[in-house]
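Reader: I've got a model open and a few things I'd like to talk through. Shall we take the helix packing and then the rest?

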Amino acid sequence: MRVQLFIPCFVDQLFPSTALNMIKVLERLGCEVAYNQEQTCCGQPAFNAGFQNEAKVVAEKFIRENITHSDYLVAPSASCTGFVCNYYPQLFDNSSIHNQIRDLKSRTFELSDFLVNVLKVEDIGASFPMKATYHDSCAALRECKIKEEPRKLLSNVGGLELVEMNDVETCCGFGGTFSVKYEPISIAMADQKVNNAMLTGAEAIISTDLSCLMHLDGYIQKKQLPIQTFHLADVLASGW
């Protein structure tokens, strides 16, 4: 199966190792992986800031790069996946490329969703000896309807003890520009999320979204707390 990589801006710039680990996992499962080096932003930051026209220009470039093939488009981010699948149809409603958008939506997947529901794989053969808890990102849970997929994958990771925290579906407080505009609220939400994670005795927080993990890790580092953060792809690429 041929898979096109959809690497979000912040993953490309700040967490390239996660993108490489996603490639490692996909290739282990027999996928032929391709990446368009001209790929840029999907347009979500501009859209969320209220600049819909500017977002549409960026989105049009993204669309042109991805409607010329029929491959699956897989991302290590439910946030960016959710934007393409849920808001592109809105941005380009009743346009000449409406049908192409519908096709793109049908081929675009967040990593755990793709592994479990397309490849039908739940055991990657990974090993990660640690006690960890899982954070449901708002985008994964509410926009992509992803809940059980990451947990199924993590339940098959050797040595990993997965424990659920209280209020697991509550937002971590990042929300893109929300964390900048409403900093005190954002920090309080991060405090609640990290404290709930630590109450489980977990040594790590795992999620599908590095945006959430970046926010939580910033709080953890500031408070010098004994807990780490890991993207799902980094866990699945461990131990083999």
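Author: Happy to. Before the packing, one definition: axes are lines fitted to C-alpha atoms, for helices over the stretch in contact, and angles run from 0 to 180 degrees between N-to-C directions. Also keep in mind that this is a predicted model.

Reader: Good. Then how do helix 4 and helix 6 sit, roughly parallel or roughly perpendicular?

Author: Helix 4 covers residues 52–66, and its axis is 11 Å from that of helix 6, at an angle of about 70 degrees. Angles of 65 to 115 degrees count as roughly perpendicular. So helix 4 is, relative to helix 6, roughly perpendicular.

Reader: Which residues of helix 6 does helix 4 meet there?

Author: By class, that contact has 4 nonpolar, 1 polar and 1 charged residues. From helix 4 come Phe62, Ile63 and Asn66, and what they meet in helix 6 is Ile101, Leu104 and Arg107.

Reader: And helix 5 against helix 6: roughly parallel or roughly antiparallel?

Author: Helix 5 spans residues 78–91 and helix 6 spans residues 98–107; their axes come within 9 Å and cross at roughly 170 degrees. The cut-off for antiparallel is an angle over 145. Helix 5 and helix 6 are therefore roughly antiparallel.

Reader: Which residues of helix 6 are met by helix 5?

Author: The contact of helix 5 with helix 6 has 6 nonpolar residues, no polar ones and 1 charged. Helix 5 brings Val84, Cys85, Tyr88 and Pro89, and their partners in helix 6 are Ile101, Leu104 and Lys105.

Reader: Which residues of helix 12 take part?

Author: Sorted by class, the contact of helix 11 with helix 12 divides into 6 nonpolar, 2 polar and 2 charged residues. On the helix 11 side are Ser186, Ile187, Ala190, Asp191, Lys193 and Val194, and they meet His215, Leu216, Tyr219 and Ile220.

Reader: How many disulfides does the count come to?

Author: Take Cys42 and Cys80. Cys42 is buried at 3% relative accessibility, and Cys80 is buried too, at 5%. A disulfide needs the sulfur atoms within 2.5 Å, but the sulfur of Cys42 is 4.3 Å from the closest cysteine sulfur, the one in Cys80, and that's too far for a bond. The count of disulfides is 0.

Reader: Now the backbone. Is Asn94, with its positive phi, buried or exposed?

Author: Most residues other than glycine have a negative phi. Asn94 isn't a glycine, yet its phi is positive, about 60 degrees. Asn94 is in the loop between helix 5 and helix 6. With a relative accessibility of 73%, against a cut-off of over 50%, Asn94 counts as exposed.

Reader: And where is Asp167?

Author: Asp167 also has a positive phi without being a glycine, near 50 degrees. Its relative accessible area is 46%, so Asp167 is partly exposed. You'll find Asp167 in the loop between strand 6 and helix 10 (178–181).

Reader: Last one: how far apart in space are Asn21 and Pro76?

Author: Asn21 lies in helix 2, residues 16–28. Beyond four places in sequence, Asn21 touches Ala233, Asp234 and Ala237. Asn21 and Pro76 are 55 residues apart in sequence, but their C-alpha to C-alpha distance is 9.7 Å.

Notes: Residues numbered from 1 in each chain as written. Predicted model: local features only at pLDDT ≥ 70, side-chain atom pairs only at ≥ 80, totals over all residues. Heavy atoms only, no water. Buried < 20%, exposed > 50% of the residue type's maximum accessible area, 1.4 Å probe, protein only. Helix = DSSP H or I, 4+ residues; strand = E, 2+ residues; numbered from the N terminus. Parallel < 35°, antiparallel > 145°, perpendicular 65-115°, else oblique. Contact = heavy atoms within 4.5 Å. Nonpolar A, V, L, I, M, F, W, Y, C, P; charged D, E, K, R; others polar.
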